[in-house]
Amino acid sequence: MIATLRRFVECETPSGDAAANARFNQLFAEEVGDLGKIRTLLGGTFGKHVRCQFKLPGRGKTGQILALGHSDTVWPVGTLATMPFRHEDGRLWGPGIFDMKAGLVLFLYAMRALRESDTAIRDEVVLQINADEEVGSDSSRKFTEEAARKSRFVLVLEPAMGLDGKLKTARKGVGDYRVIVHGRASHSGLDFASGASAIVELANQIGRIARFTNLERGITVNPGVISGGTRTNVVAAEAWADIDMRISRLKDAAGMEKKFRSLKPIDRRCTIEVTGGLNRPPLERTPAIGRLFAHARKLAKMLGTDVEETAVGGGSDGNFTAALGVPTLDGLGAVGEGAHAVNESILVDRMEDRAALMAKLVAEAPTREKM
């Protein structure tokens with residue numbers, strides 16, 4: 001597993017680099033060999049996505065299990081020069097290793113173990129690897145939802161939460177809004193009164209927008225990037241802010257949308273334009289998800305380990321599948337820390353039990369009656 005993971009990490013795959021992701025797709029296909037049947041799915045400028053149907057023992061497959069991962073990372077090509085793959089202090093380090101190439105390797109070896117042990121599997125097992133998850137999954141979402149609708153449940157290979165390896169049974173929904181203010185330009189020294197500053201108006205609107213946050217309901221609104229104006233001696237004609245929104249409940253989405261679309265200028269000489277909206281619906285913990293987690297916990301105890309569950313603020317492609325009503329268990333990947341950070345790493349001594357849990361979830365999948 002370590003050798004394969006090194007090859008995956010050293011094949012750098014930033015979002016939006018179609019050629020880099022194509023190289024990874026070829027590498028993954030070579031690693032799969034005759035263990036599965038590979039097909040690619042069109043992904044536009046992000047490159048192609050991969051769908052692998054594993055060839056596992058057992059006749060008369062009665063359903064489908066979908067596993068989800070992604071090949072893209074937040075790290076640009078060349079990051080290996082400063083963050084090389086290394087095995088040190090009981091960890092493996094490198095860009096994209098935790099989020100989430102290790103999860104792909106663990107699942108691949110879990111399926112290989114089932115094949116080599118001639119374990120009969122009653123479901124078809126499909127792994128979909130998306131090339132645009134880190135940037136919103138715009139081109140892969142339809143393929144993810146298509147596969148999910150055919151599946152009894154979904155296993156998401158995103159990294160675990162915390163060094164104790166918690167599984168994720170709830171995630172917040174994610175929205176992106178851009179608020180653009182159009183003002184009126186003028187010379188700030190010669191004709192100040194004729195101008196209507198888009199920057200001043202935006203500053204006032206940001207105060208309003210920040211108050212949309214409601215921590216008791218799990219709603220956060222973060223104006224993360226702002227820009228505007230041209231020169232210090234020009235009253236700004238335009239300014240904008242990019243805003244991240246997170247919600248715990250889908251029923252809050254309509255209210256947040258109304259609040260953003262209802263923004264009115266304080267300076268009536270300005271106008272406000274709002275674009276964007278909810279990108280990922282929340283992964284809400286349903287009774288079916290609770291039962292799937294309980295089953296996973298029982299299997300983990302059979303392996304001599306224990307897993308707990310948690311809710312997190314970040315989104316994944318599991319948000320889409322859960323929103324369709326398909327039971328979804330997230331965070332099954334590697335145990336480690338440092339996603340999107342220079343300390344990105346995984347614990348070597350947790351690779352075996354995580355791969356084993358994946359294998360048991362497929363081999364001892366709950367029946368339809370127990371879902």
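I looked up R91 first: R91 forms a salt bridge with E337, and their closest N and O atoms are 2.7 Å apart. I count a salt bridge when a side-chain nitrogen of Lys or Arg is within 4 Å of a carboxyl oxygen of Asp or Glu. R91 lies in strand 5 (residues 91-93) and E337 in strand 17 (residues 336-337), so this pair ties together parts 246 residues apart in sequence. Helices (H or I, at least four residues) and strands (E, at least two) are DSSP runs, numbered from the N terminus.

The model is predicted: local features need pLDDT of at least 70, side-chain atom pairs count only at pLDDT 80 or more, and totals for chains, interfaces and linings use all residues. I number residues from 1 along each chain as its sequence is written, and side-chain values use heavy atoms, with hydrogens and water left out.

Next, accessibility. R91 is buried at a relative accessible area of 14%, while E337 is partly exposed at 29%. Buried means under 20% relative accessible area, exposed over 50%, and partly exposed in between (1.4 Å probe, protein chains only).

I then checked D123, which meets R152 in a salt bridge at 2.9 Å, N to O. D123 sits in strand 6 (residues 123-130) and R152 in the loop between helix 4 (141-149) and strand 7 (153-156), so the pair ties together parts 29 residues apart in sequence. Both D123 and R152 are buried.

Within helix 4, R141 and E145 are four residues apart, about one turn of the helix. Their side chains meet in a salt bridge at 2.9 Å, N to O. R141 is partly exposed at 30% relative accessible area; E145 is buried at 13%.

Last, I searched the whole structure and found 22 salt bridges. E133, R280 and D317 are linked in a salt-bridge network.
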